[in-house]
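Trainee: I have a model open and would like to go through it with you. Can we start with the strands?

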Amino acid sequence: RTTKYNDGSDIPNVTDKDIWEMQKTGAYRNLKDSESNAATYGRFYNWYTIKTGKLAPAGWHVPTDNEWVILQEYLINNGYNWDGTKEGNKIAKALASTTGWVSSKFSREGEPGFQPEKNNKTGFSAPPCGFYNLNGFLIQEGQYCNFWTSDFENILEADYVSLYYGNESLDGAFVEKTSGFFVRLVKD
């Protein structure tokens, strides 16, 4: 939820979609560009904010891909799959918040969008706020919750993990660095 780097300098709040799209330095946005949403949902950051290495306060860091895998394996091995099994990645419901997820007649039992009141067994409370795409538009609200990882990037993209209303697993992929995603921190 921070608006400052750990050295005290400001992280710019960029709400103009054209500026967001061209931003090649750290920036954040609030859900629907409303400051009042920050307390409930946190803030969206572009990858350049993560790359500075100054987002987390002392004693904390942005998790690596491997740390997300460790969390995933821990949850699977400790019965957090939606069906109680210890095989396969079926932990999305255990991480997803209990409200806001899109549901449809096609929703299936292990998906965050199916009976969301049964979500959040872990207390992680990942909200389905969507994300800001590379063009600066808020999209997929109610369908996605995405988090940056810290350790992979190429010239155009960086790595993230994702919860999707219609998928039972925590997944990962690559996306343009100007996208706006959430960040969860890990204690050193």
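Trainee: How many bridges join β6 to strand β7?
Mentor: Six, and the two strands run antiparallel. Keep in mind that this is a predicted model.

Trainee: Switching to packing. Which residues touch the most other members of the largest nonpolar core?
Mentor: Leu-95, Cys-145, Phe-147, Leu-163 and Leu-170, out of 24 residues in that core. The elements giving two or more residues to this core are α4, α5 (92-95), β6 and β7. α4 gives the most, with three residues.

Trainee: Back to Cys-145, what does it touch, not counting residues up to four places away in sequence?
Mentor: Its contacts include Leu-163, as well as Trp-101, Phe-182 and the run Ala-126, Pro-127 and Pro-128. Val-161 and Ser-162 are also touched by Cys-145.

Trainee: What does the second, separate core include?
Mentor: That core has 15 residues, among them Trp-47, Phe-131, Ala-158 and Tyr-160.

Trainee: OK, aromatics. How many aromatic pairs does the count come to?
Mentor: 16. Phe-44 and Phe-182 form a stacked one, at 4.5 Å centre to centre with 20 degrees between the planes.

Trainee: Where do Phe-44 and Phe-182 lie?
Mentor: Phe-44 is in strand β2 (residues 43-45), and Phe-182 is in the loop between β8 and β9 (186-187), so the pair ties together parts 138 residues apart in sequence.

Trainee: Is Phe-182 buried or exposed?
Mentor: Buried, with a relative accessible area of 4%. Phe-44 also counts as buried, at 0% relative accessibility.

Trainee: Which residues do ring pairs link into a cluster?
Mentor: Trp-47, Phe-131, Tyr-144, Trp-148, Tyr-160, Tyr-164, Tyr-165 and Phe-181.

Trainee: Last one: which ring does the charged end of Arg-184 sit over?
Mentor: The ring of Phe-124, 4.1 Å from its centre. Elsewhere, Arg-29 lies over the face of Trp-20, at 5.5 Å from the ring centre.

How values were computed. Residues numbered from 1 in each chain as written. Predicted model: local features only at pLDDT ≥ 70, side-chain atom pairs only at ≥ 80, totals over all residues. Heavy atoms only, no water. Pairing = 2+ DSSP bridges. Helix = DSSP H or I, 4+ residues; strand = E, 2+ residues; numbered from the N terminus. Core = buried A, V, L, I, M, F, W, Y, C linked by side-chain atoms within 4.5 Å. Buried < 20%, exposed > 50% of the residue type's maximum accessible area, 1.4 Å probe, protein only. Contact = heavy atoms within 4.5 Å. Phe/Tyr/Trp six-rings, centres within 6.5 Å; stacked < 30°, edge-to-face > 60°. Lys NZ or Arg CZ within 6 Å of the ring centre and 35° of its normal.
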